[in-house]
Amino acid sequence: MIRCLRTVFAGLFAAHAAVHAIAAPAELNPAKLRLVSANVVVLDAEDGHRVYSKAADELTPIASLTKLMTAMVVLDAGLPADEMLEVDIDDFDFLKGSRSRLRMGAALSRDEMLRLALMASENRAASALSRHYPGGTTAFVAAMNAKAAALRMTRTHYEDPTGLSPKNLSTANDLAKLVRAAAEYPLIREYSTTPAHSVEVQPTGQTIGYNNSNGLVKNDAWDIQLQKTGYIREAGRCVVMLATIASKPMVIVLLDSIGKLARMGDAQRVKYWLETGESMPPPVVKRAVQKPRAKAGKSGKRSRSR
């Protein structure tokens, strides 16, 4: 497994080495990396060396980060990519009440369902993928847990394929293993980093456009090979990424961030720290320039410019 991972990452990142000229400092001071996320791991994807960790063995709900395992189980099954899968009432979220634009009876190919589950975190797509697995959702979840065990994700447990269940639990260290394993699947790398995508839903022919749930895939300053975001109240804001930073493939796991922008802010801080060895400077806040008030005329009203 380790030899295979090194081969995959060597091929993925060799082409990027000349582009990213900044070298990571030989000594990185963890004290200079101050993050909002409660559970964190940053490691070298090639050899698994951890350069930073914070409460990395603490068990926590993982929300839609679950869908990386969902995707691996789907692809491992080798089922027809062009088979049409229909959304059923069993795919509706009665636990959290999350919304979806895939309505009852909507049908897409297995391939399209997989892309939407990864890039847009589409819950009904992930659920439909599991229902159309041999043996149904029960067998699918069993396969997810078996795959986790095979990857030595010893503190990980899955209850559902979407991540809506707070009983889907893992640790930052286990999720780093998941990211490295998922990177071996070209479709997971491609689909999870697709910036935007439109699908034609059958039988209506309606076209629906989706955007990636991780805005950093559209940021030219980032070179992301794989990513997945997640959120439920119990898990907080989460994100995992495999990205080239300072000419090296790095795995970043950020769990339980508070606030919509916190996880992406933490990702930016990790990137800056890896590239420079320093803490990222705080954002510059520009003070608003107050316009002088217009003088009142004889009538007591302010004069207006015409």
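These questions and answers cover the helices, loops and backbone of a predicted model.

Residues are numbered from 1 along each chain as its sequence is written, and side-chain values use heavy atoms, with hydrogens and water left out. Local features need pLDDT of at least 70 and side-chain atom pairs count only at pLDDT 80 or more, while totals for chains, interfaces and linings use all residues.

Q: How many helices and strands does the protein have?
A: Helices (H or I, at least four residues) and strands (E, at least two) are DSSP runs, numbered from the N terminus. The count is eight helices and 11 strands.

Q: What share of the residues in the protein is buried?
A: Buried means under 20% relative accessible area, exposed over 50%, and partly exposed in between, with a 1.4 Å probe and protein chains only. The protein has 306 residues, and the buried share is 49%.

Q: What part of the accessible surface belongs to carbon and sulfur atoms?
A: Areas come from the Shrake-Rupley method with a 1.4 Å probe. The total for the protein is about 15500 Å². Carbon and sulfur atoms hold 52%.

Q: At what angle do the axes of H2 and H3 cross?
A: Axes are lines fitted to C-alpha atoms, for helices over the stretch in contact, and angles run from 0 to 180 degrees between N-to-C directions. H2 spans residues 66-77 and H3 spans residues 110-119. Their axes come within 10 Å and cross at roughly 160°.

Q: Is H2 roughly parallel or antiparallel to H3?
A: Angles under 35 degrees count as roughly parallel, over 145 as roughly antiparallel, 65 to 115 as roughly perpendicular and the rest as oblique. The crossing is at roughly 160°. H2 is therefore roughly antiparallel to H3.

Q: Which residues of H3 make the contact with H2?
A: Contact means heavy atoms within 4.5 Å. H2 contributes Lys67, Leu68, Ala71, Val74 and Leu75. From H3 come Arg110, Leu114, Ala117 and Leu118.

Q: How many charged residues are in the contact of H2 with H3?
A: Ala, Val, Leu, Ile, Met, Phe, Trp, Tyr, Cys and Pro count as nonpolar, Asp, Glu, Lys and Arg as charged, and the others, Gly among them, as polar. The contact has seven nonpolar residues and no polar ones. The charged residues number two.

Q: Why is H3 largely enclosed by the rest of the structure?
A: The buried residues of H3 include Arg110, Glu112 and Arg115. H3 is largely enclosed because the buried count among its 10 residues is nine.

Q: Which peptide bond is cis?
A: Most peptide bonds are trans. Pro203 sits in the loop between strand E7 (196-201) and strand E8 (206-211). With omega near 5°, the cis bond runs from Gln202 to Pro203.

Q: Is Ala246 buried or exposed?
A: Ala246 lies in the loop between strand E10 (236-245) and strand E11 (248-257). Its phi is positive, near 55°. At a relative accessible area of 5%, Ala246 is buried.

Q: What is the relative accessibility of Asp256?
A: Asp256 is found in strand E11. Phi of Asp256 is near 55°, a positive value in a residue other than glycine. Asp256 counts as partly exposed, at 28%.

Q: What distance separates the C-alpha atoms of Thr137 and Pro161?
A: Thr137 belongs to helix H5 (residues 136-150). Leaving aside neighbours within four places in sequence, Thr137 is in contact with Ser130, Arg131 and Pro161. Thr137 and Pro161 are 24 residues apart along the chain, and their C-alpha atoms are separated by 8.0 Å.
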